[in-house]
Every structure is written in C-alpha cells, then in structure tokens.
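Please consult the sequence and the structure while reading.

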Amino acid sequence: MLAQEILLKRRAEILHALCSSGSGEHLEGVVDMLLAQGELGWEDYQNVLVPGRALYSNARQLLDLVYTKGADSCGLFFSAVKQVLPEAQGAGFFSSQCPSSLDDRVKPQRTATEDLLTQRPSLVCKLQGCIDGVLGALVESGHFSSTDCDGVQLPIHTPSQQ
C-alpha cells in the first residue's frame with residue numbers, strides 16, 4: 001500500500017496519536033523533522049503551526065499538506081512520526097510498504113542557516129530545560145535584545161516553539 005493511501009486510511013488514528021496528549025509537542029517534533037529535511041519550507045511550517053489555532057486543526061493542516069506533496073512526503077512523514085511518538089502510540093501506522101526514511105535522503109552541501117534547520121529537532125530537545133539561561137547568554141553577548149527575549153517567552157509558546 002502506498003504511503004498516501006495509508007495516510008488517508010488511518011487519518012483519524014494519526015490525528016489522535018499526534019494530539020491526544022493535549023500538547024503540541026508531538027506535532028511540533030514531526031514538523032521540525034520535516035522542516036529539517038527540506039520536505040517542508042518555512043512558509044509551510046508557519047501555515048501548519050498557527051498560534052491560537054486548535055491543535056487538531058494544525059495537525060489536519062499538516063496531514064493535508066503532506067498528502068498533497070505526494071507519496072515520498074507521506075513516507076517521510078511516517079518516518080518522522082515513528083521517531084517522535086512513543087513506540088506503542090505510533091506503531092500501528094507503519095507497514096513495510098511505507099517508502100522512504102528521513103535518513104535515506106542525499107544531503108547536499110548547505111549553508112549555516114540550512115544546517116541550523118537540519119539540526120533544529122536535536123537543538124530543541126537540548127534547549128527545552130534551559131531556555132532562560134540561553135536567552136540570558138544571547139542578551140549578554142549582544143545577539144538578542146530584551147524585546148527579543150520577551151517575544152520568545154510569551155505564554156502562548158510551547159517549550160518546543162521557544
């Protein structure tokens with residue numbers, strides 16, 4: 001079965017798995033991985049993770065976007081979900097016929113910005129417990145202003161978005 005068919009057939013289960021915790025962390029992790037691999041662009045990212053919009057609506061937007069991009073995108077989506085969700089939660093979506101893997105992609109030489117996007121998922125995991133310290137260091141070094149810090153620390157942001 002093609003990855004697109006699996007996405008359609010199991011859409012409700014996928015939505016539930018991504019959103020059932022009530023937190024956007026799983027969805028954001030998947031989106032981060034797809035962004036890092038170049039499967040989603042920055043505009044796609046912003047269209048999927050709209051602040052103030054319901055979590056399920058954001059997840060539906062991602063599923064719609066991935067589906068319209070084709071079977072390869074769906075396969076990469078499933079690979080990302082498999083890495084982000086706890087095994088018991090996401091195991092049912094995958095089959096041996098689901099193509100692609102995030103690691104299978106050829107990685108051309110990139111700019112520093114592209115490298116940062118690629119490393120974003122691991123950086124988010126490393127920074128989640130120490131946002132205040134990182135922001136303080138950025139202000140001290142002159143890379144951030146106090147206004148920039150206030151923008152990052154707004155209560156509407158989840159730890160992953162910060």
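Ile6 counts as buried because its relative accessibility is 5%, where buried means under 20% relative accessible area, exposed means over 50%, and partly exposed lies in between (1.4 Å probe, protein chains only). Ile6 belongs to helix H1. Although Ile6 and Ala71 are 65 residues apart along the chain, their C-alpha atoms are separated by 9.8 Å.

The model is a predicted one, in which local features need pLDDT of at least 70 and side-chain atom pairs count only at pLDDT 80 or more, while totals for chains, interfaces and linings use all residues. Residues are numbered from 1 along each chain as its sequence is written, and side-chain values use heavy atoms, with hydrogens and water left out.

**Overall composition**

The protein contains 10 helices and zero strands, where helices (H or I, at least four residues) and strands (E, at least two) are DSSP runs numbered from the N terminus. Of its 162 residues, 35% are buried. The protein exposes about 9100 Å², and carbon and sulfur atoms supply 54% of that area; accessible areas follow the Shrake-Rupley method with a 1.4 Å probe, and for residues only the protein chains shown count as cover. Among contacts (heavy atoms within 4.5 Å) between residues at least 6 apart in sequence, 64% join residues at least 24 apart.

**Confidence**

The predictor's confidence in each residue, pLDDT, runs from 0 to 100. Its mean over the protein is 78, and 78% of the residues reach 70 or more. Confidence is highest in helix H5 (residues 55–69), at a mean of 92, and lowest in helix H7 (residues 87–90), at 54. Over residues 99–107 the pLDDT is below 50, and this stretch has 20 contacts in the model beyond near neighbours in sequence.

The table sets out two helices; the expected span is 1.5 Å times one less than the number of residues.

| Helix | Number of residues | Span, first to last C-alpha | Expected span |
|---|---|---|---|
| H3 (25–36) | 12 residues | 16 Å | 16 Å |
| H5 (55–69) | 15 residues | 21 Å | 21 Å |

In H3, 11 of the 12 residues are buried, so this helix is largely enclosed by the rest of the structure. The buried residues of H3 include His26, Glu28 and Asp32, together with Val30, Val31 and Leu34. Gly38, which follows H3, has a positive phi near 85°.

In H5, the buried residues are Asn58, Ala59, Leu62, Leu63, Leu65 and Val66. They lie on the same side of H5, because they cover an arc of only 165° around the axis, taken from the directions from the helix axis to the C-beta atoms. The buried residues of H5 pack against H1 (3–9), H2 (11–19), H3, H4 (42–48) and H6 (71–84). Just after H5, Gly70 takes a positive phi of about 110°.

**The nonpolar core**

In soluble globular proteins, nonpolar side chains tend to be buried together. A nonpolar core is a set of buried Ala, Val, Leu, Ile, Met, Phe, Trp, Tyr and Cys residues joined through side-chain atoms within 4.5 Å. The largest such core in the model has 31 residues, and those with the most contacts inside it are Val30, Val31, Leu34, Leu62 and Phe77. H1, H2, H3, H4, H5 and H6 are the elements that give two or more residues to this core. H6 gives the most, with seven residues. Leaving aside neighbours within four places in sequence, Phe77 is in contact with Leu7, Ile14, Leu18, Val30, Leu34, Leu62, Leu63 and Val66.
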